[in-house]
Amino acid sequence: MTEEFGFVDQEEAEAPGDEWESLDVSDDEADRIARRQDADFDEFRIRVKDTEQFKVEASVFDDATLAAVYKLVQDGHIGAFGGPVSTGKEANVYEALGHDGEELAVKVYRINASNFHHMREYLQGDPRFEGIGSDKKKVVLAWVRKEFANLRRAKAAGVRVPEPIAVQRNVLVMDLVGHADDRARRLSEVEVENPETAYEVVREYMRRLYSAGLVHGDLSEYNMIIHEGELFVIDLGQAVTVHHPNAREFLERDCENVASFFSRQGLDVTGEELHEYVTRPEPEPSADLE
Ligand SMILES: Nc1ncnc2c1ncn2[C@@H]1O[C@H](COP(=O)(O)OP(=O)(O)OP(=O)(O)O)[C@@H](O)[C@H]1O
Ligand SMILES: [Mg+2]
C-alpha cells in the first residue's frame, strides 16, 4: 500500500459483538518458573541480568518478569532482547528480535509502579473482567491481557495496530512498527504534511473500533505512531467495550483530543462532529434506484 496513510483492508473484519474471549488471571507458567528456579532458568537469569538494558531498569525485571521473558523465549516468540524504545510510568517498551529475525516490541508492565486505581476504573464495568477483585497483580495481568485482546479485536476490525504476538504474565509481545534504527514517530512529533488525510484515517479507525465494540479511552497524538506514511493506533490497554459505564465519556474525551490536535493543524473540526461521525450507524447499502 503506497497511498499516504492508506487504510488497511477490512476483509477479515468480524461482525461486532459482545462475545469476548475469557481472560484468565490466575498464576501463569512464569510464576511457576520463577518459584521453581530450576537450573536453566537460573542460568538465563544470571546471563540476562548482566546485560546493559537489564541493569538500567533492574526494578522492572524482578524474577517473575524475567521468568515471563524466559517463557516467551522458550515458546519461540523472542530470540533476542534489545534496548529500550520507551520508558514510561507504568510500562517500558523494548526492542527484541523474533527467532526469524523479525523486529518486535516488548511491553513490560511494572506490577508495583502501576497506577492500580486508575486501572480498576477501566476494568470495572468491562464484562470481560467481572469478578477480578482488587489484587494488584491480578489487575495488572488483566490489563495486559486486555491490551492483547484489544489489539486483536482492533486488527480484526480493520484498524492499523501493531500485530499482537504473545502475552505472558506482565509482558506483551507485538510487532515493532518501524525499525530499531528508524523509529516510528508519534503523531505529536512529526510534521503532518497532509492533515486532512490523516484526520480522515483517524476518524475512520475510531469508527471501526467503535463498530467493533471498543472505545480507545486514551486516544491522542501521543498514542498514534507514523511510519513510512502509515498511521498506527497503539496503547490499547485501557480500551473499554462500548457497554462500559464510562464508555461515552471516554469516547467524548478521545474525540475532543483528536479534534483539538487536528484543529491545531489548521482543520476546521470539532469533537462533537467527530463523535457524531464515529457513532453514526453505517448507512444501509443504498438500493439501486434505476
Ligand atoms: N509496537 C510498537 N512499535 C514501535 N514503537 C512502539 C510500539 N509500541 C510502543 N511503541 C513506542 O513506545 C511508546 C510507549 O508505548 P505505549 O504508549 O504503548 O506505552 P505507555 O505505557 O502509554 O507509555 P507512555 O506513558 O510513555 O505513553 C510509544 O509512544 C511508542 O513510541
Ligand atoms: Mg502511550
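A: Two strands are said to pair if DSSP finds at least two bridges between them. The strands themselves (E, at least two residues) and the helices (H or I, at least four residues) are DSSP runs, numbered from the N terminus.

The structure is a predicted model, in which local features need pLDDT of at least 70 and side-chain atom pairs count only at pLDDT 80 or more, while totals for chains, interfaces and linings use all residues. Residues are numbered from 1 along each chain as its sequence is written, and chains are lettered from A and ligands numbered from 1 in the order in which they are written.

Strand β4, residues 164-168, pairs with β5 over four bridges in the antiparallel sense. Within this pair, Q168 faces V171 of β5. Two residues separate the strands of this hairpin, and R169 there adopts a positive phi near 50 degrees. Most residues other than glycine have a negative phi.

A second hairpin is formed by β10 and β11, again with two residues between the strands. Strand β10 covers residues 224-227 and is joined to β11 by four bridges, the two running antiparallel. M224 has V233 as its bridge partner in β11. The loop between these strands holds E228, whose phi is positive, near 45 degrees, although the residue is not glycine. E228 counts as exposed because it has 11 C-beta neighbours inside 10 Å. The scale behind that word uses C-beta atoms placed from the backbone: a residue is buried if 20 or more other C-beta atoms lie within 10 Å of its own, exposed if 12 or fewer, and partly exposed in between.

In general, strands of a sheet pair through backbone hydrogen bonds, either parallel or antiparallel.

A154 is located in α6 and is buried, because 24 other C-beta atoms lie within 10 Å of its own. Apart from neighbours within four places in sequence, A154 contacts V159, V161, L209, L214, V233 and L236; a contact requires C-beta atoms, placed from the backbone, to lie within 7 Å. The C-alpha atoms of A154 and L236 are 9.0 Å apart, although 82 residues separate them in sequence.

Because 15 of its 21 residues are buried, α6 is largely enclosed by the rest of the structure. G158, with a positive phi near 90 degrees, follows the helix.

Ligand 1 brings β5 back into the account. Its shell takes two or more residues from each of β1 (80-87), β2 (91-97), β3 (103-109) and β5 (171-175). There are 22 residues around ligand 1, and those that come nearest are S86, G88, A105, P162 and D235; a residue is near a molecule if its C-beta atom, placed from the backbone, lies within 6 Å of it. The shell consists of twelve nonpolar, four polar and six charged residues, where Ala, Val, Leu, Ile, Met, Phe, Trp, Tyr, Cys and Pro count as nonpolar, Asp, Glu, Lys and Arg as charged, and the others, Gly among them, as polar. Domain 1 (29-179) and domain 2 (184-279) each supply at least three residues of the shell; the domain bounds come from an automatic or database domain assignment.

V85 lies in β1 and counts as partly exposed because it has 19 C-beta neighbours inside 10 Å. Beyond four places in sequence, V85 is in contact with V93, Y94, E95 and A105. V85 and A180 lie 95 residues apart in sequence and 8.4 Å apart in space, C-alpha to C-alpha.

For the chain as a whole, there are nine helices and twelve strands. Of its 290 residues, 39% count as buried. Among contacts with a separation of 6 or more, 65% join residues 24 or more positions apart.

Conventions: Two residues are in contact if their C-beta atoms, placed from the backbone, lie within 7 Å.
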